[in-house]
Each structure stands twice: as C-alpha cells, then as structure tokens.
Amino acid sequence: MKKPDGKVVLLGDMNVGKTSLLHRYMERRFQETVSTVGGAFYLKQWGPYNISIWDTAGREQFHGLGSMYCRGAAAVILTYDVNSLQSLTELEERFLALTDSASADCIFAIVGNKVDLTDDCALPPDENRPEKSVASCGSKVRKQVHAEDAIALYKKILKYKMLDEKDVPAAEKMCFETSAKTGYKVDYLFETVFEMVVPIIVRQKAEGPPQTVDITDYKPAKRTKSGCCA
Ligand SMILES: Nc1nc2c(ncn2[C@@H]2O[C@H](COP(=O)(O)OP(=O)(O)OP(=O)(O)O)[C@@H](O)[C@H]2O)c(=O)[nH]1
Ligand SMILES: [Mg+2]
C-alpha cells in the first residue's frame, strides 16, 4: 500500500453523515450505512500526493480514539447535520478538543450535511449535483442550523487555537453545506480542502513528522455501573 503523505480527518456526532460524505466522494454513490466502529480511511491521490481521509466514529464510546486519529492531521472536517442544532453544539463541546493533536497549521472546515432534507429552495444550481432531488421543497423541514451559526463556530475555533483571522482562510470559505444523498457540493468540499492541505503536506514532508496512528495511545472510556461507556 502507498504511504500517505498527509491526513484529513472527518469528525462529528453520530448520524451526521460522515461515512456517507466520504462514500459519495470516493465511490460516487449514496448507500445505506452502518454506524462506524473505530475508524477507517480512504487513500486519495491528489497531484503527486497521497492523502488519507479518515472516517471516525461519532458514537460516544469511541470518543477516546478521536485525538489519535487527528494526530498530525493537515485538515479536520468538522461535520454537523443542518437539521440538528445539537450536532453543531457537540462540535464545540466534544470534538474541538480532539484536534489538539492535529498539525499546528491544520485547516478547519465546518460542514453542514443533509441539506436535501431542508426547505432551503434558494440553493443555487450546482454541476456537482448529480440528482434532481433538491428541486422539490414541499415535504421538507426548516433548517435548524444556518450558515451564520457555522461561521460563529469557525470564529470560536480560531479563538480556541489562538489564531488571527487574517492568517487563516476566511470563515465564509471554510463553512460548507452539503448533501451526501444528492452529491450537492461534496466534490467542492473535498477538493477545496485538498488544495489547502498541499502546502501543509509540503512542509510536513520537509520536516518529517510521524504520520502513523499509535494504538497504544488509546485509553478506553470508563465503564459506568450500567455497563455503558461514559
Ligand atoms: N437525507 C440524507 N440522509 C443522509 C445524508 N447523509 C447521511 N444520511 C443518512 O444519515 C444516516 C447516518 O449516516 P452516516 O454516514 O452513517 O453517519 P455517520 O456520521 O458516519 O455516523 P457514525 O458512523 O455513527 O458516526 C444514514 O441513514 C444515512 O443514509 C444526506 O446528505 N441526506
Ligand atoms: Mg460513520
């Protein structure tokens, strides 16, 4: 197997559509998924580089694995469901700290998935959208999370990382809305991220940081009396 030159990690709550987004991009289709256990990755050739794209499990009991997967990541795609405000809140409360192990110049993208379920009929036509299902809005629900909410989160991330807005890509550029089901903006998301990680890969290769996942770092979640993981 080819050795990856750089790493992109998808993080976010269970059920937001991380696996579906990755399938849509890599396999060019939408299919029923099962909730991810642990993590898995695809290798994507991008120019002369091999980029590993890690799909992680959103379920609470796998939470401890997240920072291990993020180690040295050149980009983290924080994913939420546009129909669940809670899934956006979770990104800040549960997932952001996992990115402490990412590369110091890691790129952050915030992605609101499942826009096909919303009544946002103002979606512009997009050539990446292979199906027509966004056209009808009749039975759709009002979006719970709006672009401004995602932009506010992006700004909080910059604060958390102590980064200056003028040194990083603009919030508007790094907040995406997608549909893994219809394919809406999925290629655009991944390709924008890949373009941005190339300079990071070049720097990482020059410096030679470790790119491997060390499973000895994984600390299992504590078991509660009821037998569930806390
Ligand atoms: N309508 C719609 N459903 C979607 C979309 N993306 C994913 N789903 C559905 O949402 C459910 C969860 O999708 P997954 O891709 O498994 O979610 P996940 O984030 O990988 O979840 P975990 O692996 O548990 O962390 C599945 O039933 C998908 O078919 C989308 O864009 N639109
Ligand atoms: Mg999954």
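## Strands E2 and E3

In this predicted model, strands E2 and E3 run antiparallel and are joined by 8 bridges. Strands count as paired if DSSP finds at least two bridges between them. Helices (H or I, at least four residues) and strands (E, at least two) are DSSP runs, numbered from the N terminus. Across the pairing, Phe-41 stands opposite Trp-54 in E3, and Gln-45 stands opposite Asn-50 in E3. Trp-54 is also the bridge partner of Val-9, and strand E1 (residues 6–12) pairs with E3 in the parallel sense over 5 bridges.

How many residues of E3 are buried? The count is 8 of the 8, so E3 is largely enclosed by the rest of the structure. Here buried means under 20% relative accessible area, exposed means over 50%, and partly exposed is in between (1.4 Å probe, protein chains only). In a regular strand, side chains alternate between the two faces of the sheet. Tyr-49, Ile-51, Ile-53 and Asp-55 point one way from E3, while Asn-50, Ser-52, Trp-54 and Thr-56 point the other way.

Gly-47 lies in the loop between strand E2 (39–46) and strand E3 (49–56). The hairpin has 2 residues between its strands, and Gly-47 takes a positive phi near 60° there. Is Gly-47 buried or exposed? Gly-47 counts as exposed because its relative accessibility is 52%.

Gly-47 and Tyr-188 are 141 residues apart in sequence, and 16 Å apart in space from C-alpha to C-alpha. Tyr-188 has a charged neighbour: the charged end of Lys-185 sits over its ring, 5.1 Å from the centre. A charge sits over a ring if NZ of Lys or CZ of Arg is within 6 Å of the ring centre and within 35 degrees of the ring normal.

## The magnesium site

Which residues coordinate the magnesium ion (ligand 2)? They are Thr-19 (OG1) and Thr-36 (OG1), at 2.0 Å. Thr-19 lies in helix H1 (residues 18–27) and Thr-36 in the loop between H1 and E2, so the pair ties together parts that are 17 residues apart in sequence. Both Thr-19 and Thr-36 are buried. Donors are N, O and S atoms within 2.8 Å of the metal (3.2 Å for Na, K and Ca); water is not among the atoms, so sites may look incomplete.

## Aromatic contacts

The structure has 7 aromatic pairs. In one of them, Tyr-25 and Phe-190 are stacked, at 4.7 Å centre to centre with 25° between the planes. This pair links distant parts of the chain, with Tyr-25 in helix H1 and Phe-190 in helix H6 (residues 186–207), 165 residues apart. Rings of Phe, Tyr and Trp (its six-membered ring) pair if their centres lie within 6.5 Å; planes under 30 degrees apart count as stacked, over 60 as edge-to-face and the rest as tilted.

Tyr-25 counts as buried because its relative accessibility is 4%, and Phe-190 is buried with a relative accessible area of 0%. Tyr-25, Trp-46, Phe-190 and Phe-194 form one aromatic cluster.

## Pocket and cavity

The largest pocket holds about 440 Å³ of space. Of the 24 residues that line the pocket, the closest to its centre are Asn-15, Gly-17, Ser-20, Thr-33 and Lys-114. H1 gives the largest share of the lining, 3 residues. Lys-114 lies in the loop between strand E5 (107–113) and helix H4 (147–160), and its phi is positive, near 75°, in a residue other than glycine.

A search of the whole structure finds 1 cavity of 30 Å³ or more, and the largest cavity contains about 40 Å³ of space. Among the residues lining the largest cavity are Leu-11, Thr-56, Phe-62, Tyr-69 and Phe-95. On a 1 Å grid over the protein atoms alone, a cavity is a set of points where a 1.4 Å probe fits but cannot get out, and a pocket is an open set with protein on both sides within 12 Å along at least five of seven lines; lining residues have an atom within 4 Å of a point. Grid points are joined across faces, edges and corners, and a volume is the space filled by probe spheres set on the points.

## The whole chain

The protein chain has 6 helices and 6 strands. Buried residues make up 49% of its 230 residues.

Residues are numbered from 1 along each chain as its sequence is written, while chains are lettered from A and ligands numbered from 1 in the order in which they are written. Local features need pLDDT of at least 70, side-chain atom pairs count only at pLDDT 80 or more, and totals for chains, interfaces and linings use all residues, while side-chain values use heavy atoms, with hydrogens and water left out.
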